[in-house]
Amino acid sequence: MVSYLVRRLLVGLLTLWLITCLIYGLIRLMPGSPLDTDPAMMDPSKMPSKADIQRMQEVYGLDKPLHEAYWHWLKNAVRLDLGTSYSQKKPVAELIGDRIGPTLQLSVTSLLLSYLLAVPMGLYATVRSGQPDERGLSFLLYTLYSFPSFVAALFLQLLFAVKLEGTWFGLPLLGNHSNGYEELTELDRIWDSFKHMILPVACFTYGSLAYYCRFVKANMEEVIRQDYIRTAHAKGLGPIRVLIHHAFRNTLIPFVTLLGLTLPSLLGGAIILEGIFNWPGMGRLFFMSILQRDYPTIMSLTLMFSILTLLGQLLADIFYAFVDPRIRYT
Amino acid sequence: MWHRLNQIRATARKRFRRSVLTRTQDGENPQQKNPAMNRNDSDRVIVSAGFWEQSWQRFRRRRLSMLALYFIGFLSVIAIFSPMIAGTKPIVCRYKDQLYFPCMGYYNRNWENPVFQKDRFRRVYPGNLERKDPDSWAIWPLVYQDPHRPVRKGEWEAMKGNPWGPEGRPTSQNWFGTYKTGFDVFASMVHGTRIALLVGFVSTGIAAAIGITLGAVAGYIGGIVDIAISRLIEVVMCIPALVLILCLQAVIDKVSIWNIMMLLGLTGWTGMARLTRGEFLKLKETEFVAAARCLGVGRARIMFRHVLPNALAPVMVPIAFGIAGGIQTEAALSLLGFGAPPPNPSWGTILHSGRETLQSGYWWQLVFPGMGIFLTVLAYNLIGEGIQEATDPRLADPRN
């Protein structure tokens, strides 16, 4: 197990290094630099002199050749120094710290919600397999699964934030809190945040809900045909006990893998949905950092995404061995 | 020699797919599929329905998947004939004793005859044709609306100019309403079908070509090549697709719709590569590969003529899902304002404009393109699922 872990970690490090090389090369190839996307630079009256530009390039390390600049970045990154954002003039770590809260607020809520709903729905669909109500449910879920989340987001915004605005069902259009949030009382703040969360959480949830539900059902269908289920029934156990204790417990293995694979999306945010809802999360940060050519932020976020993806895969494999004693890594 | 090999292949495949010989045929059409067997015993041959034929029969039994297939067929017809359905350029016209097809200009600007530019039509045909040549005639598209510009007043008989803003709601003139400053949503959507389908096919085609080739090479050759390709797959997989696309897109200065298709293809091949690699790892140990190798068949020929046809079925599924994903990603990019430049009216572009005026509540700018994207994605997903079930050997009907 230990040697397996060490091997996996080393391979993971190699992959990470390759990813950073690729992304660093790409962002330095992008036309435009952080200097000419800065709004302060656009002002013709305050056009910086050549010497100023030279100086700023030196500060940002843009004057160095590619490999030197990369080496410089890598040395700092290994020491966990992610650099300072060009556009916001703050350390990147601090920026990420600011943004991770709102992202988690959405992703954790939606994850919990979809798991809580998907398992009972999947079990129900297994029991009622082939019946008209199960067919209807499955078809509905499949339709939802195919419904692009950004389209759903726009439809929901149109319905709840525009058409129903001012009525009892009206919900806020953008952002994670209203203006004047600071002046509200504690209770009102929670209510305000809650109202802002409903639409984004709904968009994050319905797709994965449909996916998990189908996933539960597909795995259950396989298990329910096993001999030991028939044995359990023959022993006279109640149908619910058989379903949950004997069948569902045995579908947990693929479920756990799935959990590991959702790790990156949990922290990574969603570029499109956060963009549509103007939600100040990680996805939005990433989107803006590309627009502003904010190299340190782009690099840090990509690094984070990749670490999470690799970590998620590794965790899934470890969990796998943990849940299923038949699996051993050597 | 060759047909012996073919026989080994055929039996191996049969065993592999667990199909049972049942259908009896008297040497008519199925023999074309398997000439080796035909030559051996020509009078009465037992031939099972081929794997693809069986799969197709199973696919056909799934009503929803077939419906989805018909829907994609319908969309393809719309896409191919889009300039004849909605446009302001005649399909055929006779002008100064010459036949022209100005509607071809919608496919490619250069296909519109320059004579109309020289005669100063300024893209408005109806009045100009009559004025400049009284003997001219023309066959017009079904709906006189243009995806690239609003129709102005008096351009076409008694037609009013396209309204915009709150007046742009669906009417008998603008079936799906208007967006921006009077662009017709229906015409844009009809022409956008071309982009939507093209994006799906081209991007997935590129992805499949890369993925299958790399996966095949990695799986069959193995060793250091396999390690290198597997690392590459992992690297591309670890970077979220949208991140990679946005980075790559920033590198390209002027982005065309073809660039976007290429980017989608370049980022979407990893799943297929992994699957193909796995299939090749499994299949390279089979008898028919060993037989082919003994006969001295070249490596490339074994890979692509012998192994690949057997590995193709599982790869078909991610291809269908990939098309759906490609269409979604393109629409999402357009929605974020990173899509193809304006002369291409994609469904995402209409959504983008609808989002800008969201607070005014112009529902028609969101509902029609949104439903278009949804239905297309749904159709491809249903097809993908149909293929999955139809080609799954575990679900094969033993009686077949």
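Tutor: Helices here are DSSP runs of H or I with at least four residues, and strands are runs of E with at least two. The model is predicted.

Student: How many helices and strands are there in chain B?

Tutor: By that count, chain B has 16 helices and seven strands. Of its 400 residues, 42% count as buried.

Student: How do I read the contacts in chain B by sequence separation?

Tutor: Take the contacts with a separation of 6 or more; 66% of them join residues 24 or more positions apart.

Student: Which elements of chain B touch chain A?

Tutor: Start with the totals: 34 residues of chain A are in contact with 32 residues of chain B. On the chain B side, two or more residues each come from α9 (223-238), α10 (241-251), α14 (299-335), α15 (347-356) and α16 (364-391). That side comprises 23 nonpolar, five polar and four charged residues.

Student: What do the buried residues of α10(B) pack against?

Tutor: Among the buried residues of α10(B) are B:Leu242, B:Ile245 and B:Ala250. The buried set packs against α1 (2-29), α14 (271-277), α15 (282-291) and α16 (295-323) of chain A, along with α11 (257-267) of chain B.

Student: Which residues have the most contacts inside the largest nonpolar core?

Tutor: They are A:Phe150, A:Cys213 and A:Leu273, in a core of 134 residues. Helix α8 (residues 185-221) of chain B gives the most to this core, 16 residues. Neighbours within four places in sequence aside, A:Cys213 contacts A:Ala118, A:Met121, A:Gly122, A:Ala125 and A:Leu141. A second, separate core has seven residues, including B:Cys93 and B:Phe121.

Technical notes. Residues numbered from 1 in each chain as written. Chains lettered and ligands numbered in written order. Predicted model: local features only at pLDDT ≥ 70, side-chain atom pairs only at ≥ 80, totals over all residues. Contact = placed C-beta atoms within 7 Å. Nonpolar A, V, L, I, M, F, W, Y, C, P; charged D, E, K, R; others polar. Buried ≥ 20, exposed ≤ 12 C-beta atoms within 10 Å, placed from the backbone. Core = buried A, V, L, I, M, F, W, Y, C linked by C-beta atoms within 7 Å.
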